[in-house]
Amino acid sequence: MDVIFGSTGFIGQNLYRYLKTKIGDDNILQVSRNYGKKKLKVNQVKLNLKYKRNISKLKLSNINTVYICSANPKTHIKNSIEGNKQINDNVKILRNILFFCNKFKPKNIIFLSSSSVYSTKNKYPLTEDDKIFPESYLGKSKKINEKQLLNYSKKNDSKVLILRIFTVYGKKMRKNQFIYQLKQKIVSKKNITIFNPETLRNMIFVKDLTKIIYRLSTIKNKKFEIFNIGTNETIKVYEIYKLFAKIKNKKHNISFFLNKNNLNHEVNLNRMQKKIGKFKFTKLSEGLKEI
């Protein structure tokens, strides 16, 4: 049995669809608090992971891999109150999931971290062994989460993989994500503002991401490892706009501005590539056409 925490989120639901083709629906438990009012399937559990008492009600056995996709994922934080709440939420959620892991002893734990743990204080290319100096609240929460998992791995037998994922895009992406917002602007507006046009982004298609996550879960790993997860294609923000505009055959009046979100995704992916072997990535132009 594999367990996906956060199975209704953007990555979680795509991961579920892919795992279903590999191990079958009966071997996956989906856990989320966002099922709404619809009737739950046999392999779905509705839980608010901020509360340990909800976790303690689960009765399972023979857990192979736990995929942790649950988090407060906000990237645009209004103030320190909202930011500190995000940190507290993410620490609580992971603490309670690790309570679950303590109880059911999975063989593998795969945690979806974020490239936001890096900042402009890091040297390029960004590597997993660098010290991290996150500046965003999301990055700060993920850094604490990684420390929680390191401490867990020292006391337990589960193998722990931390995946620092760079920009993911695809169907069902959140409305506050860069690619979604750019798509909406291109379709509906004549005047477009593009922030940080020269900033480099490493864009990975969500279908590629789910394949990589599964492949990492099935091969031999160390007891605790961190991987940068991205694609072999790095591109400037303005070039992404041009690809989108060409697909939609649209022309716009463009204004350029700079803001704080200008970390270049010049990333070292050698550790990931060595582990997963040959992999055919979806070209950005093809992925954008699909969405």
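## Salt bridges, helices and turns in a predicted model

Lys85 and Asp89 form a salt bridge, with their closest N and O atoms 2.9 Å apart (a salt bridge is a side-chain nitrogen of Lys or Arg within 4 Å of a carboxyl oxygen of Asp or Glu). This is a predicted model, in which local features need pLDDT of at least 70, side-chain atom pairs count only at pLDDT 80 or more, and totals for chains, interfaces and linings use all residues. Residues are numbered from 1 along each chain as its sequence is written, and side-chain values use heavy atoms, leaving out hydrogens and water. Have the structure open and visit each spot as you read.

**Salt bridges**

- How many salt bridges does a search of the whole structure find? The search finds ten.
- Lys85 and Asp89 are four residues apart in helix H3 (residues 80-104), so about one helical turn separates them. (Helices, H or I with at least four residues, and strands, E with at least two, are DSSP runs numbered from the N terminus.)
- (Buried means under 20% relative accessible area, exposed over 50% and partly exposed in between, with a 1.4 Å probe and protein chains only.)
- Lys85 and Asp89 also belong to a network of salt bridges that links them with Lys50.
- Arg164 and Glu146 form another salt bridge, and their closest N and O atoms are 2.7 Å apart. Because Arg164 sits in strand S6 (residues 159-165) and Glu146 in helix H4 (residues 137-155), this pair ties together parts that are 18 residues apart in sequence.
- Are Arg164 and Glu146 buried or exposed? Both residues are buried.
- Glu286 pairs with Lys289 in a salt bridge whose closest N and O atoms are 3.7 Å apart. Both residues belong to helix H9 (residues 284-290), where they are three residues apart, about one turn of the helix.
- Glu286 is partly exposed, with a relative accessible area of 42%, whereas Lys289 counts as exposed at 51%.

**Helix H6**

- Helix H6 covers residues 206-218, which makes 13 residues. From its first C-alpha to its last it reaches 19 Å, close to the 18 Å expected at 1.5 Å a residue (the expected span is 1.5 Å times one less than the number of residues).
- Which residues of H6 are buried? Among them are Val206, Leu209, Ile212, Ile213 and Leu216, and also Asp208, Thr210, Tyr214 and Ser217.
- Ile219 lies in the loop between H6 and strand S10 (224-229). At 28% relative accessibility, Ile219 counts as partly exposed.

**Residues that meet across the sequence**

- Ile219 and Lys275 are 56 residues apart in sequence, yet their C-alpha atoms are 8.2 Å apart in space.
- Ile192 has its place in strand S8 and is buried, with a relative accessible area of 2%. Its C-alpha atom is separated by 6.3 Å from that of Ser255, a residue 63 positions away along the chain.
- Lys123 lies in the loop between strand S5 (108-114) and H4, and it is exposed at 69% relative accessible area.

**Backbone details in loops**

- The peptide bond from Tyr124 to Pro125 is cis, with omega near -5 degrees. Pro125 is found in the loop between S5 and H4.
- Asn196 is not a glycine, but it has a positive phi of about 50 degrees. You will find Asn196 in the loop between strand S8 (191-195) and strand S9 (200-205), where it counts as buried at 3% relative accessibility.
- Asn249 is not a glycine either, and it has a positive phi of about 55 degrees. Asn249 is in the loop between helix H7 (237-248) and strand S12 (253-257).
- Is Asn249 buried or exposed? With a relative accessible area of 69%, Asn249 is exposed.
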